[in-house]
Amino acid sequence: MKNELIFDVVVIGGGHAGCEAAAASARLGVNTALFTHKFETIGEMSCNPAIGGLGKGHLVREIDALDGVMGDVADKSGIQFRLLNRSRGPAVRGPRTQSDRSLYKKFMQEKLVNYCNLTIFSDPVKEFIFRKNVIKGFLTQQGKKVTSTKLILTTGTFLNGVIHIGETQTPAGRYNEKPTTGLSEQLQKLNFKIGRLKTGTPPRLDSRTINYKNLEEQHADKDPYFFSFLTKKNFNKQISCRMTYTNESVHRLISKNLKRSAMYSGNIKSIGPRYCPSIEDKIVKFSDKKRHQIFLEPEGLEDHVVYPNGISTSLPAEIQAEICSKINGLENVKIIRAGYAIEYDFVDPRELFLTLETKKIKNLYMAGQINGTTGYEEAAAQGLIAGANAALSIKGEEPLILQRSEAYIGVMIDDLVTKGVAEPYRMFTSRAEYRLSLRADNADLRLTKKGIKIGIVGENRSRHFNEKSSNLNKIDKIMFNLNISPTKASKYGVILAKDGVLRSASQILSQKGVNMSKIREIWPQIPKFSSEIDDQIEINAHYKGYLHKQNADILAFKRDENLLIPDDINYSNLDGLSNEVKSKFKEIRPKTLGQALRIDGITPAAVYILLSHVKRKSIKHIA
């Protein structure tokens, strides 16, 4: 056939999940294609112009540790780097940057175009091709027939997307972009559970019409904390954001017009993200609050558009204008584009294995908002895992499955495929049981070696990681063999118990207020490689006692977590389980005992019955 194309892996969608999936597959050396509506919108930041934050920043660092693209692109387009929770412990610090929208797209597109093993097509998908329960390819709007061994669906908000502004409804996947229709219906016919979710965005403002006088200013950090372990300098001028607030007058206006909001008129029946509510939701659910904070975030260095983070809305455009006119600094602001809510289809993520391959259709993978998540970072992390696993399967190699104890990515995917979602899923540090171990600073130490082993990490990062590991080991070894008495330590201002016991340099570093500068004051012979190495050694020392206990917890957790459940287990024959529990086990088909225990509504008693059955069948353990 003249218009037939053949690829090992095809990714559908050029958003954050699609970019990461295509790049991961290509890095593993398989013939990969990316199909999207328009090349110009690859890497589009559809919502706020920022990357990272609490929990989300951890995901980006993990993506980077596995040689993904988001961290590097975020650094190159960053115009305001801030480390959130800087005054708190390293485990809950969240790197974040305000990004220049146009630069982010530019660098993402340049990166993907120059990837080996990757071809990009601007041609939307029209129809899937299935053979029994196996995906074989698809037809495009331009009449191409594309055959692929593996297919990754990353459609974002495009599946039957509808934009709501007041009473007006417009089919769209993003502002001024047509939705993807027909594909949800095909999936539904194959018995996939399809649901609806919604997200929203605020009006875009003209910065030239904002009165910044007397607004609070938020500066960039003087010592930026980058996303990529390979980034060593700022690429762009750093800018400030400003802050303003809603007020009682604004709240009264919103309350008066609630029924005109798509959220409260009945036009939207789906659920939005709890942790990123619309301004209408804030007024209703937090009626005791007199004001709500608004961050005025510039969308770029050469861009007059400002994103007012905090007033996402689906009220009519004229009401949005009136709201803005009552806010300090926005009295005469011009709205460039009205805020809106968008509803879209998603697939219940319990339809997926931990590899992100669907259970019902072989060789079909899903990543991003189609799995019920919200946020660029969550989407990109899923994309990397789906792309890696599709390519590894082509190569006949073991899949990349990250455990809850080794990565936030593992926590997120396990949450999704085990519990499903009742609302758009967002990553938080509180979701991780072992967050003392899963810090942003050590993402490379946790994951890069694993990435090198499976071949997803390139030569440059491998060399950098091996050098860093070598330098850390050298200093650790030297410090372990250097000792000091409490009496002598006191001469340097380090107060210890007067017990005569010698302490190593590593033990001295773990004392409150001691850093590597103090250590070198005592032992000048300790080499200095970089501030990055010193920071890592200090964090490791200060966390050592806590981590010793947590590592014991992780080992205990893994004893149960790693108990494999046979694929052919017949839950219908398990005596002592209710029909509801049997139904949940059949639906999710947990791979391990730990995963079974985390299914919503499953009691320890039910898992004990499962464990007893499995042990009688001489269950294996993960190596």
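Figure 1. Lysine 468 counts as buried, at 3% relative accessibility; buried means under 20% relative accessible area, exposed over 50%, and partly exposed in between (1.4 Å probe, protein chains only). This is a predicted model: local features need pLDDT of at least 70, side-chain atom pairs count only at pLDDT 80 or more, and totals for chains, interfaces and linings use all residues. Residues are numbered from 1 along each chain as its sequence is written, and side-chain values use heavy atoms, with hydrogens and water left out. The side chain of lysine 468 meets that of glutamate 532 in a salt bridge, 3.3 Å from N to O. A salt bridge is a side-chain nitrogen of Lys or Arg within 4 Å of a carboxyl oxygen of Asp or Glu. Glutamate 532 lies in helix H17 (residues 531-561) and lysine 468 in helix H13 (residues 459-480), so the pair ties together parts that are 64 residues apart in sequence. Helices (H or I, at least four residues) and strands (E, at least two) are DSSP runs, numbered from the N terminus. Glutamate 532 is partly exposed, with a relative accessible area of 25%.

**Figure 2. Further salt bridges.** The count comes to 41 salt bridges. Arginine 174 forms one with glutamate 177, the closest N and O atoms being 3.0 Å apart. Both of these residues, arginine 174 and glutamate 177, are buried. Shared partners join Arg404, Asp414, Asp415, Lys419, Glu433 and Arg598 into one salt-bridge network.

Figure 3. Lysine 360 and glutamate 351 meet through their side chains in a salt bridge of 2.6 Å, N to O. Lysine 360 is partly exposed, with a relative accessible area of 32%. Glutamate 351 is buried, at 5%. Lysine 360 also lies over the face of phenylalanine 192, at 5.7 Å from the ring centre. A charge sits over a ring if NZ of Lys or CZ of Arg is within 6 Å of the ring centre and within 35 degrees of the ring normal. A second case is arginine 431: its charged end sits over the ring of tyrosine 425, 4.1 Å from the centre.

**Figure 4. Aromatic pairs.** The structure holds seven aromatic pairs. Rings of Phe, Tyr and Trp (its six-membered ring) pair if their centres lie within 6.5 Å; planes under 30 degrees apart count as stacked, over 60 as edge-to-face and the rest as tilted. The rings of phenylalanine 7 and phenylalanine 121 have centres 5.8 Å apart and planes at 70°, so this pair is edge-to-face. The pair links distant parts of the chain, 114 residues apart: phenylalanine 7 is in strand E1 (residues 4-12) and phenylalanine 121 in strand E6 (residues 118-122). Phenylalanine 7 and phenylalanine 121 are both buried. Phenylalanine 81 and phenylalanine 226 also form an edge-to-face pair, with 5.1 Å centre to centre and 80° between the planes. Phenylalanine 81 lies in strand E4 (residues 78-84) and phenylalanine 226 in the loop between strand E14 (216-218) and strand E15 (241-245), so the pair ties together parts that are 145 residues apart in sequence. Phenylalanine 81 and phenylalanine 226 are buried.

**Figure 5. Phenylalanine 138 and the nonpolar core.** Ring pairs link Phe7, Phe35, Phe121 and Phe138 into a cluster. The largest nonpolar core has 88 residues. Such a core is a set of buried Ala, Val, Leu, Ile, Met, Phe, Trp, Tyr and Cys residues joined through side-chain atoms within 4.5 Å. Ile51, Leu112, Phe128, Phe138 and Met366 have the most contacts inside the core. Helix H10 (residues 376-394) gives the most to it, with 11 residues. Contact means heavy atoms within 4.5 Å. Leaving aside neighbours within four places in sequence, the contacts of phenylalanine 138 include Val10, Ile12, Phe35, Phe128 and Leu151.

**Figure 6. Two asparagines with positive phi.** Most residues other than glycine have a negative phi. Phi of asparagine 117 is near 70°. Asparagine 117 is found in the loop between helix H4 (101-113) and E6, and is partly exposed, with a relative accessible area of 37%. Asparagine 191 has a positive phi of about 70°. Its loop runs between helix H5 (183-189) and strand E12 (194-201). Asparagine 191 is exposed, at 57% relative accessible area.

**Figure 7. Model confidence.** The protein chain averages a pLDDT of 92, and 98% of the residues score at least 70. pLDDT is the predictor's confidence in each residue, from 0 to 100. Over residues 619-623 the pLDDT is below 50; this stretch has 15 contacts in the model beyond near neighbours in sequence.
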